[in-house]
Amino acid sequence: EPMAAFSLGYTAYSLLALRTQLASDPMFTLNEVANLVKLVSCLASRGVAWILPALMSTEIPQACLNILRMMAELGAEPSDLTFRIMLGAFTTSFAAIKGGVLPATLF
């Protein structure tokens, strides 16, 4: 529960910090609203603690993606080393979690 509450706070903060993206990027808005609904429903439900690790593992690439968006908002160029490192972190974490962690928790 503390991890879900922390993630709910992070999702709310990312919505606030990236509020300029809400109108210009509808997929971002839909994704963030879906994350809020997911976390609120997990916190409101009882007996669903077994699914939280799988749900929370998807937050790792999401955090990397939000950092990339913040860097772009601040004017970072895609050729910058820090931008490329964060892009690599997003790609690696996304592939590892979607390809390994989530399927392993389902069996």
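Which residues line the largest pocket? I wrote down N31, N35, K38, T58, E59, P61, Q62, L65, F90, F94 and K98. For the record, a pocket here is an open set of points on a 1 Å grid over the protein atoms alone, where a 1.4 Å probe fits, with protein on both sides within 12 Å along at least five of seven lines; lining residues have an atom within 4 Å of a point. The elements giving two or more residues to that lining are α3, α5 and α6. With four residues, α5 gives the most. I noted a volume of about 200 Å³ for this pocket, taken as the space filled by probe spheres set on the points, which are joined across faces, edges and corners.

**Ground rules.** This is a predicted model, in which local features need pLDDT of at least 70 and side-chain atom pairs count only at pLDDT 80 or more, while totals for chains, interfaces and linings use all residues. Residues are numbered from 1 along each chain as its sequence is written, and side-chain values use heavy atoms, leaving out hydrogens and water.

**Overall.** I found six helices and zero strands (DSSP runs numbered from the N terminus: helices are H or I with at least four residues, strands E with at least two). Of the 107 residues, 31% count as buried (under 20% relative accessible area with a 1.4 Å probe, protein chains only; exposed is over 50%, partly exposed in between).

**Helix α3.** I looked at residues 26-44 next: this helix has 19 residues and spans 27 Å from first C-alpha to last, close to the 27 Å expected (1.5 Å times one less than its number of residues). Its buried residues include F28, E32, N35, K38, L39 and C42. They sit on the same side of α3, because they cover an arc of only 120° around the axis (judged by the directions from the helix axis to the C-beta atoms). On the face turned away from that side I noted exposed P26, L30, V37 and A44.

**Q62.** I placed this one in α5. Buried or exposed, I wondered, is Q62? Q62 is buried, at a relative accessible area of 10%. Beyond its neighbours within four places in sequence, Q62 is in contact with N31, E32 and N35 (heavy atoms within 4.5 Å).

**Core.** The largest nonpolar core has six residues: C64, L68, M71, F83, M86 and F90 (buried Ala, Val, Leu, Ile, Met, Phe, Trp, Tyr and Cys joined through side-chain atoms within 4.5 Å).
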